[in-house]
Amino acid sequence: MNYLKHLKIVIIAFFLCFSFGLYAQTGSIKGRVFNVKNNDPLPFTNIIISGTTIGSVSDLDGNFTFTGLNPGYVKLEASAIGFDKIMTEEILITNAKTASLDIPMKEVAVEITGVEITASVFKRVEESPVSLKSLGISQIEKSPGSNRDISKVIQSLPGVASSVSFRNDIIVRGGGPSENRFLLDGIEIPNLNHFATQGASGGPVGIINTDFLRDVDFYSGAFPASRGNSLSSVIDMKLIDGNPDRLVYRATLGASEMALSVNGPLTEKTSILFSVRRSYLQFLFNVIGLPFLPTFSDYTVKVKTKFNVHNELTIISIGALDKFKLNTGLKNPTEEQQYILDYLPVNNQWNYAIGANYRHYRDNSYGTFVLSRNMLYNEAYKYQGNDENVPDSKTLDYSSYEIENKIRYEEVARTKGYKISYGAGAEYAKYKNTTFQKVFIPSGEDTITEINYSSDLNFFKWNLFGQVSKGLLGERLILSLGVRSDANNYSPDMSNLFKQLSPRFSASYSLTPQLLVNFNTGRYFQLPAYTTMGYRSSLGELVNKANGLRYIQADHIVAGFDYRRNDKSKITLEGFYKFYNYYPFSLTDSVSLASKGANFGVAGDEAVIPTSRGKAWGAEVYFREKITKWIEATLSYTWVRSSFEDKHGDFIPSAWDNRNILNVTALVTLKRNWDIGVKWRFVGGAPYTPYDEPKSELIEAWDVQGRGYLDYNQFNNQRLGVFHQLDLRVDKEYFFKKWSLNVYLDIQNLYNFKAEQPAELLQVKDANGQPVLKDPERYQLKYLSSESGTVLPTIGIIVEL
């Protein structure tokens, strides 16, 4: 087989990279230990390298230093009288730079005599005792099959499904891809992917450069009151700070792009991170004969100034430029290639987010002031036959932008065993859209209708939130009660804060020092997509505002057990139930928008009514353990059901009703800086909708869309086969005197599994490439079986100096 031949070539090339010698070097760590409530330094704190006897003690300013360390990933453990022991996230030690790490510590509310409290790598957060998983940098960097893409790494966590293999949609506990929110160092960013689906969130490639990620907290429920506008997940990503000693340079050559980055000091009190990435997918896709040619670029920058121990300012910006064109120069395209060329529009997009995060510490609290702005521009167009010179051949011309200007203040205080947080936010949003589209609507003599409108929408949003947490019974019982409310002046249905009152309650009880029982319930609200809010008729009327569009509501109930056999082992069992209300329901297709958003382009730009209800329920098992010093294993299994009402009020499976999701990952650290990781993923077959053949055959209908029409009277009544895939990653690191080198081999779908996709409906064409007519009004159509998945080997190179 050709794929086996190519795989052998890649593997041989990978191992040829190791023909030079290794020079043993050592690295160092510098850092600071501080009180989390007020940023005061903690002198005389004991810090050790986890799993070793190597230790250090902080000085009067809380500073500590380690030298002479072997390169690799390490965790630190810190302990001080009157404070909880803590184990930090992983950091990478190299000789190319001095690693920097600040360690926040929390005061012990109650001293428990005779009980030894051990540090654990697993977080316990008062507000979110359930549905929270954290990812360290080694899990992100070396996740098999993920190619250092945070969206793909997250898909290995419990409760998370995925769509087709070439997209990064995050499907959490039966909810849609539009129900997630993303934060970067406390600043909200609108997109996590290049070529993002407007009105949702998925896309083919991640926008986050993992070179700068420190850790990621993934909430699939139990959202803190400070985090709003989400129904299924909150993804809170934190960046490293710039190196305090000198400029460090890194170059990365990955599966689809190359990246250059620099981080280091600007002044004594200010550091910077900066990276740029550029893809070469356009060249690769042209070589292998794909009918579309995408190119993307992105940047990330972070500047942090520590004015003094009580004041610091962080400025972050991230942006992307995505270009896409059709490969119309293909010679003798296959049936499938020509089909894609005939219906796929040209799509270009750019976006950015920029924000400032100012933090001020007081004696028992700190306040955070966040000011940010983000913008998305999206355009798409299509000509019938891809010929712009033919009169009246344009079938689609779409352009829009979304702008958000935000301000938020949050206060967090710890006093007398209570954790109290509260704050408020405001936002000015602007959405503009110009749409021209030909659509087929069988109504009388004129069946081709032109949708032609412009929309200019401006409105304000505001929110209030607060949460109180308290440990009782010697910290065995932890309770947390929060409330939030959001509103805006888009319409009277959305302007009342009390209509979007969002309470939440969490409880965690330690049955034994190792076994906890946890619970959370909450009501959450999310604003519909701007594409839905700004949809207008040809007369300029905001159609969905007139239809009573309102915030989407989801009620969550989650309960489970958390067993920690030791500080490196964790098993959780959680059951969940979500009930949705006021979801937009399409008047065109008579289905809930909850099942849309996993295709490229735009979602939600149609007439809807806010009447759809839905529910998702299931159970999750999560196991993670450092089995030996060299082996770490992770297993997650999710059983999930997801359904929404159809036009008759009956609950039918949603597009995310995968039922069974299983991920098994093993990471092995070997001598001489070798790492091997394997991941096996199983996803149950998703429902899908068959084509409406009589409608698709009509010449007018086919010509205006270039592909078949789904039969929404049979919505999701068929189901695909299961999907499974084995991924392998091998890393080899070299540490020289002043620089380091990491070479990795990543092989996705090692055994070349072919995942079933819905069969495509194509025109039958004659020897001259012209469509065959069934009768004067209809084309002759046929089905072409479809599948996705191939062995995808990649060699990556990372150089740091």
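## Ground rules

This is a predicted model, where local features need pLDDT of at least 70, side-chain atom pairs count only at pLDDT 80 or more, and totals for chains, interfaces and linings use all residues. Residues are numbered from 1 along each chain as its sequence is written, and side-chain values use heavy atoms, with hydrogens and water left out.

Two strands pair if DSSP finds at least two bridges between them.

The link from β22 to β23 is a hairpin through two residues, and Asn308 stands opposite Asn311 in β23.

β23 also pairs with β24 (residues 346–361), again in the antiparallel sense, over twelve bridges. In this pairing, Ala320 stands opposite Asn351 of β24.

## Two loop residues with positive phi

Asn147 isn't a glycine, yet its phi is positive, at about 50°. You'll find Asn147 in the loop between α2 (137–141) and α3 (150–154). Asn147 counts as buried because its relative accessibility is 16%, buried being under 20% relative accessible area, exposed over 50% and partly exposed in between (1.4 Å probe, protein chains only).

Glu475 is another non-glycine with a positive phi, this one near 70°. Glu475 sits in the loop between β28 (448–472) and β29 (477–488), and counts as partly exposed because its relative accessibility is 23%.

## The second largest cavity

A cavity is a set of points, on a 1 Å grid over the protein atoms alone, where a 1.4 Å probe fits but cannot get out; lining residues have an atom within 4 Å of a point. Grid points are joined across faces, edges and corners, and a volume is the space filled by probe spheres set on the points. The count comes to seven cavities of 30 Å³ or more.

The second largest cavity holds about 200 Å³ of space. Its lining has 14 residues, with Leu135, Gln139, Ser156, Thr634 and Thr665 nearest its centre. Strands β35 (631–645) and β37 (659–670) are the elements that give two or more residues to this lining. By class, the lining of the second largest cavity has six nonpolar, seven polar and one charged residues, where Ala, Val, Leu, Ile, Met, Phe, Trp, Tyr, Cys and Pro count as nonpolar, Asp, Glu, Lys and Arg as charged, and the others, Gly among them, as polar.

Notes:
Helices (H or I, at least four residues) and strands (E, at least two) are DSSP runs, numbered from the N terminus. On a 1 Å grid over the protein atoms alone, a cavity is a set of points where a 1.4 Å probe fits but cannot get out, and a pocket is an open set with protein on both sides within 12 Å along at least five of seven lines; lining residues have an atom within 4 Å of a point.
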